[in-house]
Amino acid sequence: MGTALIYDEEMTRYKLLWVDPACKIEVPERLVVSYGALVENGLADRCVSIPVREATDADILLVHSEEYLEAVKKTPYMTLEELKEFTLQYGDVYFHPNIYHCAKLALGATLQLVDNVMTGKVRNGLALVRPPGHHSMRSAASGFCIFNNVAIAAQYVKQKYGVKRVLIVDWDIHHGQGVQYSFEDDPSVLYFSWHRYEHQKFWPNLRESDFDVVGKEKGAGSTINVPWNKVKMQNSDYLSIFFHVLLPVAYEFSPDLVLVCAGFDSAIGDPEGEMCATPDIFAHLTHLLMNLAGGKLCAVLEGGYNLKSLAQSVCQTVHSLLGDPAPRPANLEGPCNSALESLQCVRSAHRKYWSCLKHAADLPTSDISTKRIKLAEDEEEEKLDEVEKEKLIAAMVWPQPVKRVTPPTRTAVVLPDGVACPDRCKHFSLSEDPDPLVVQKLRENFIKDADDKDAVTLSSLIALVDKMEKNEICSGLALVRDVSMAMRCVAQHATTALSNRVLVVCVGDGIVPHRGTDDGKTLVVHFSSKESEEQECKYLIPVCLKKGCSDASGFIQAVLGLLLPLGYEYDPSLVLLVQTPGSGICDSVWQQLTGLLQGLAQGHILVLMQEDERTCIDPTCSSLLGDAAPSLGQLHAAPPEDVEAVENLRQRLKADWKLLQTTE
Ligand SMILES: NCCCNCCCCCS
Ligand SMILES: [Zn+2]
């Protein structure tokens, strides 16, 4: 299934008609450069183009009041003076004779997107719209927003499709207070937002944007607010929140649909956010959400005011929606202290609502809620001259995102004779006889009993890895007689011949290679149900799960909170995913793991399985081909001893691996 792109240039036909410094950044060029970049990068053509429609009154009244709608309906006929007058009753927003029409198109575009995703016409998509929506409230416009596109979409799918649970991820740099107010007592809609806050000193300066506001009554726990109390947050800060707050809760919640308030003012260069996360981070944020809800993800444009980073971030998002491998998450370090403080506060505030956070630490000693009052007092701190600051931010530079091309072959498979090659995959075998020298070396190093078949298989694997290195093949699956031997052989070849870093993820109680773990060329993470005899060290990490990998909840929480942070910080050029017999892992969990790991190494992942594991071939290939993994369903609490084991491991390893930190 494809990716929808919903855009209409009519939404560029309104703009600020008077002087208002607070609104001058919200310009029609935001859509022009975003759509233009999608066309220029050949992305628009790869999407399913779906026409916008005008929202109806009924659509709008799902969230807004009749009196507000009636008032907005009058604006097309207002004079300039009347428009200014009408605007004064709201904050940081402006009206225009054509903005009501455009607001109906923005909402209509959003609903067209959710209709096409919910009916399976497409898997996911992006609605490129303005005016944005997440600040508008039941009876008020705010923050450039007229109708709350995403909040209405959530009510709409609940009503029209009987959707039980909707996750809204608001990665815009502002708090979508309008969305929060719509669902604060509604447990069926989980609203997650991070936002520049600076202890309530940043717009919209609301007390209810802080981490300790978690929802009301039945909705307690279904509002997650992550305040950024400093600017210049980076990729590591954003990923830490995904690994240690959003993803664990999202998997436990198990939404039927994911809506993204896709604001890109959280990217570097934006005058509003003043953050330092680079546009390619949205490739990963999107990818990390794409295995939820069976892949049903609707992204709706909110903010984004630096035309260059906005256009790049939009392209990164659409590349991922299309299934293109993400660029490697280069040189991540740990979250900064302020981010760590917010992380710890949010996890602490939500531990009584989410079993995945039950073991979260208490509030930090330096409880930041007290800072809110103190900072409010000393307002006189130096105010960098606005104009100077805007110049500095506009002058920010960052590397051009790398071109994201999908290799000619997406997935190659090495299978025993007589096993059919799954469709859409390419059967891989040696084009000519294996090089006798290579065979000789293999025999010396890896093959004890001189079984010629092994030599051919290993030679094929080496050739396959070489083609992945050249980006001719993206990913691979191989069924082999002896997975341990194959694992050691591939790891050795990749780290020596190709001087790479290899992340080896072993699932099951098989043997684990020790080579390369001391010089950091190989990072081995081994999930098994048995206490391991291996000596744990920085690059050899045994993860003992009592229930093994058969308990979906315990396993997936270990993947999200331990394996992904390790993998992203290690940033391998190849991922080796090995399933040894007896892992007990079920297909859907295996597919989630395979899907999530493809965010690493530009999607270069090689899966090794025992040759008699025939049932696993199709699910594994489906995931390697970029199909969304099936939803795991709502996850019960993970076995306490497994949670404990992962928690202890994280505490021990966080000195070496900063992305594992969850407390300051
Ligand atoms: N310095 C200008 C202040 C603008 N404040 C409102 C921002 C609304 C963003 C919507 S994503
Ligand atoms: Zn914003």
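Which residues is Ala 37 in contact with, leaving aside its neighbours within four places in sequence? They are Ala 311 and Cys 315, where contact means heavy atoms within 4.5 Å.

This is a predicted model, in which local features need pLDDT of at least 70, side-chain atom pairs count only at pLDDT 80 or more, and totals for chains, interfaces and linings use all residues. Residues are numbered from 1 along each chain as its sequence is written, chains are lettered from A and ligands numbered from 1 in the order in which they are written, and side-chain values use heavy atoms, with hydrogens and water left out. Helices (H or I, at least four residues) and strands (E, at least two) are DSSP runs, numbered from the N terminus.

**Sheet**

- Eight strands make up an open sheet with parallel pairing, and their order is E2-E1-E3-E8-E7-E4-E5-E6; two strands pair if DSSP finds at least two bridges between them.
- Strand E2 (48–49) and E6 are the edge strands; each has a single partner strand, so one side of each is left without a neighbour in the sheet.
- Strands of a sheet pair through backbone hydrogen bonds, either parallel or antiparallel.
- Between E3 and strand E8 (residues 297–301) the pairing is parallel and runs over four bridges.
- Ala 127 is placed opposite Val 300 in E8.

**Ligand 1**

- The shell around ligand 1 holds 13 residues, and the closest are Asp 92, His 135, Asp 172, Glu 272 and Tyr 305; a residue is near a molecule if one of its heavy atoms lies within 4 Å of it.
- An N or O atom in the side chain of Asp 92 is 2.6 Å from a nitrogen atom of ligand 1.
- For Glu 272, a polar side-chain atom is 2.8 Å from a nitrogen atom of ligand 1.
- Ligand 1 taken alone exposes 380 Å², and the protein buries 85% of that; accessible areas come from the Shrake-Rupley method with a 1.4 Å probe, and for residues only the protein chains shown count as cover.
- The shell around ligand 1 divides into four nonpolar, five polar and four charged residues, with Ala, Val, Leu, Ile, Met, Phe, Trp, Tyr, Cys and Pro counted as nonpolar, Asp, Glu, Lys and Arg as charged, and the others, Gly among them, as polar.

**Backbone geometry in loops**

- The Arg 130 to Pro 131 peptide bond is cis, with omega near 5°, and Pro 131 lies in the loop between strand E3 (122–127) and helix H6 (149–161).
- The Trp 203 to Pro 204 peptide bond is cis, with omega near 5°; Pro 204 is in the loop between strand E5 (189–196) and strand E6 (223–228).
- Asn 205 is in the loop between E5 and E6 and has a positive phi of about 55° although it is not a glycine.
- Asn 205 is partly exposed, at 35% relative accessibility; buried means under 20% relative accessible area, exposed over 50%, and partly exposed in between (1.4 Å probe, protein chains only).
- Gln 602, in the loop between helix H18 (587–597) and strand E16 (605–610), has a positive phi near 55° and is not a glycine.
- Gln 602 counts as partly exposed because its relative accessibility is 29%.

**Buried residues and their contacts**

- Ala 37 belongs to helix H1 (residues 29–40) and is buried, with a relative accessible area of 11%.
- Ala 37 and Cys 315 are 278 residues apart in sequence, while their C-alpha atoms are 6.9 Å apart in space.
- His 319 is in helix H10 (residues 307–321) and is buried at 9% relative accessible area.
- Not counting residues up to four places away in sequence, His 319 touches Leu 43, Arg 46, Asp 324 and Arg 404.
- His 319 and Asn 41 are 278 residues apart along the chain, and their C-alpha atoms are separated by 9.7 Å.
- Ser 459, in helix H15 (residues 452–469), is buried with a relative accessible area of 6%.
- Leaving aside neighbours within four places in sequence, the contacts of Ser 459 are Leu 430, Pro 434, Val 438, Val 439 and Leu 442.

**Ser 254**

- Ser 254 sits in the loop between helix H8 (235–253) and strand E7 (257–262) and is buried, at 5% relative accessibility.
- The side chains of Ser 254 and Ser 631 make a polar contact (3.2 Å); a polar contact is a pair of N or O atoms within 3.5 Å, where within protein one must be able to donate a hydrogen and the other to accept it, and residues adjacent in sequence count only if both atoms are side-chain atoms.
- The Ser 254 side chain also reaches the backbone oxygen of Gly 633, at 3.5 Å.
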